[in-house]
Structure formats: structure tokens, C-alpha cells
Amino acid sequence: MSAVYLAQYWLQAPGELQRPSFSTVPVLANPAATAVCRLYVDCDLNCAFTSAFLTARVHPDDPYEVTRAQELNQLLGPKASGQAFDFVLDLHNTTASMGTCLMAESAHSVFAMHLCRHLQLQSPELPCRVFLHQLPGEESYSVNSMAKSGLGLELGPQPQGVLRADLLVRMRALVAAALDFIQLFSQGTAFPAFEMEVYRKVSSVDFPRTEAGDLAGNVHSQLQDQDFEPLRPGAPIFRMFSSKDVLYEGESTVYPVFINEAAYYEKDIHCLPPD
């Protein structure tokens with residue numbers, strides 16, 4: 001909701017987004033879902049920007065989000081082309097206790113890494129973590145991948161359908177700081193080398209489910225709201241409805257993120273790539 005209302009405002013009053021050396025275009029990515037206050041209409045738009053979807057022949061029975069992804073590819077891309085937008089800043093909220101999280105595809109994107117560092121330095125008293133969300137060899141599937149470079153912002157916790165003032169103010173400030181950085185970059189400003197802590201994705205873990213796919217348990221109370229905190233082997237991660245604890249069986253310490261994210265309750269339901 002933070003991004004939705006900011007985008008709607010900026011579409012009417014885009015002045016605060018503009019900088020001398022470049023133009024910024026606000027885009028409401030999923031207007032049909034926004035109109036009914038839902039994450040999506042037919043399937044998750046966040047996963048629809050793969051080559052299989054973007055190059056598929058248009059069919060009237062296509063899920064709305066697949067059609068919308070193709071429209072956004074024409075607006076912001078085409079993907080991996082010289083005509084694509086230089087940069088996309090993708091704005092999100094999460095129900096998880098992530099605080100401020102900067103979502104990058106790879107540490108090899110030097111521009112994105114310098115932008116992350118710049119954003120961290122704007123409010124050093126607030127945690128601003130960097131998460132590399134793309135697995136090695138995995139195709140980019142987010143709206144950021146339409147552009148030559150991009151970054152995602154995840155702010156939480158915020159319940160679905162709710163607008164929190166503190167997170168809206170924080171998101172607005174981060175967007176302004178990102179645009180200021182791009183302006184400095186465009187002017188030829190030199191940025192010093194730095195070291196920065198980042199988190200990288202190693203795997204995803206679904207909720208415990210029955211053979212029918214229904215929930216068989218919930219996130220353990222000891223794990224709830226512990227995003228980016230160390231999870232050690234043997235610690236409980238789920239509590240089954242039978243009152244049995246499911247323990248983390250990995251061999252090394254990890255740092256869970258998006259804990260109990262509302263959208264993941266149905267993450268086994270995806271748009272299927274065309275045949």
C-alpha cells in the first residue's frame with residue numbers, strides 16, 4: 001500500500017521525482033489488482049517477467065498478470081535490449097518484520113551496490129540490509145529485469161490492505177535518496193570503494209502441508225519476527241498443529257527472511273509457463 005499510494009500521488013504530481021539530468025516515470029504495475037486491494041488477480045506479477053512469458057504468443061485467455069507483464073516489457077524494456085529504461089526502482093511492502101531491505105539480483109551490479117551503500121549512509125541509525133535474491137543460474141523474473149539496472153525496496157512489517165505512516169515516509173525518503181544518487185552519478189561524481197555486508201539467498205522453505213496442500217502447522221513462536229537473525233541447527237522453525245516442533249536440520253547458521261510473509265501461504269500456486 002505504501003508504493004500504491006505513492007505511485008498514485010506521483011502520477012498526479014510527479015515534480016518531486018524529477019532531477020536535472022534525467023526523467024523519472026511513476027508506474028502503477030498492477031492496476032487491476034490495486035483496484036480490488038489484492039496482491040494479484042490471476043497470478044503473481046512479481047514472477048511473470050521471464051522470457052517464456054514475455055515472448056509467448058498473446059492469447060485472450062492469458063492470465064491478466066501475464067498480459068500486464070508483456071505491456072510493462074514494452075513500456076520499460078524490451079528486456080535485455082538497448083532501448084530499455086536505464087533503471088527501475090521496484091517498491092514493495094511485506095508483512096514480515098524485514099525493516100528496510102534492499103533487494104538486488106547480484107553483487108556484480110556495481111551501480112546497484114553503490115546505490116545500496118549510499119542509501120545505508122543516509123540513515124545509519126536505521127538497519128538497511130541488502131539481500132541478493134537471485135540464485136546462481138536463475139533467470140531474472142522481477143520487473144527490475146526489464147531495465148538495464150534495478151533495485152527493489154521491501155519495507156515491513158505492514159499488513160496487507162493497511163497503510164502505515166512511518167513506512168510510507170521511509171519509502172518516500174529512500175526513493176528521493178536513490179534519485180539524488182543517480183543525479184550525482186550522472187554528474188560524474190566519484191564514489192569511494194567500500195565493504196558492505198550482504199545476505200544471499202540459498203533456498204526457500206515452504207510451510208508444512210498435508211498431502212492435500214493444506215497447512216499442517218505454523219511458523220514457530222521462537223522464529224516469528226526474527227528476520228535477519230541467526231538461525232542455528234536444531235532451533236525450532238515450525239509448530240505442527242499436532243503440537244510437534246519441526247527443527248532446522250541444516251549444518252550451518254542461516255538468516256531467515258520474509259518469515260511468515262502473507263503472500264507465501266499460497267506460493268505453491270504460480271502462473272505456469274506456456275507450452
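I start with a serine: Ser140 is buried, as its relative accessible area is 14%, under the 20% limit for that class. Please bear in mind throughout that this is a predicted model. Where in the chain does Ser140 lie? It is part of the loop that runs between β3, residues 128–132, and β4, residues 149–156. Its side chain makes a polar contact of 3.0 Å with the side chain of Gln134. Beyond its neighbours within four places in sequence, Ser140 is in contact with several residues, including Phe49, Lys79 and Glu105.

The largest nonpolar core has 30 residues, and Leu102, Leu119, Leu151 and Val175 have the most contacts inside it. Which elements give two or more residues to this core? They are α1 (2–12), β1 (87–93), β2 (99–104), α5 (110–122), β3, β4 and α6 (165–186). The largest share, ten residues, comes from α6. As for Val175, it touches Trp10, Leu17, Leu89, Leu91 and Leu153, leaving out residues up to four places away in sequence. There is also a second, separate core of 14 residues, with Cys43, Phe49, Leu72 and Ala147 among them. Phe49, as you will recall, is also one of the contacts of Ser140.

I now come to the charged pairs. How many salt bridges does a search of the whole structure find? The search finds eight. In one of them, the side chains of Glu16 and Arg172 meet at 2.6 Å, N to O. Glu16 belongs to the loop between α1 and α2 (31–35) and Arg172 to helix α6, so this pair ties together parts that are 156 residues apart in sequence. Glu16 is partly exposed, at 33% relative accessible area, and Arg172 is partly exposed as well, at 29%.

A salt bridge also joins the side chains of Asp86 and Lys148, at 3.5 Å, N to O. Because Asp86 lies in the loop between α4 and β1 and Lys148 in the loop between β3 and β4, the pair ties together parts that are 62 residues apart in sequence. Asp86 is exposed, with a relative accessible area of 56%.

Finally, the surface. Val25, Val27 and Leu75 form a nonpolar patch there, with about 230 Å² of accessible area together. Of these, Leu75 lies in helix α4, residues 64–76, and is partly exposed, at 43% relative accessible area.

Thank you for your attention.

Technical notes:
Residues are numbered from 1 along each chain as its sequence is written. This is a predicted model: local features need pLDDT of at least 70, side-chain atom pairs count only at pLDDT 80 or more; totals for chains, interfaces and linings use all residues. Side-chain values use heavy atoms; hydrogens and water are left out. Helices (H or I, at least four residues) and strands (E, at least two) are DSSP runs, numbered from the N terminus. Buried means under 20% relative accessible area, exposed over 50%, partly exposed in between (1.4 Å probe, protein chains only). A polar contact is a pair of N or O atoms within 3.5 Å; within protein, one must be able to donate a hydrogen and the other to accept it, and residues adjacent in sequence count only if both atoms are side-chain atoms. Contact means heavy atoms within 4.5 Å. Patches are made of residues with over 30% relative accessible area and no salt bridge: like charges are joined within 9 Å, nonpolar side chains (Val, Leu, Ile, Met, Phe, Trp, Tyr) within 5 Å. Accessible areas come from the Shrake-Rupley method with a 1.4 Å probe; for residues, only the protein chains shown count as cover. A salt bridge is a side-chain nitrogen of Lys or Arg within 4 Å of a carboxyl oxygen of Asp or Glu. A nonpolar core is a set of buried Ala, Val, Leu, Ile, Met, Phe, Trp, Tyr and Cys residues joined through side-chain atoms within 4.5 Å.
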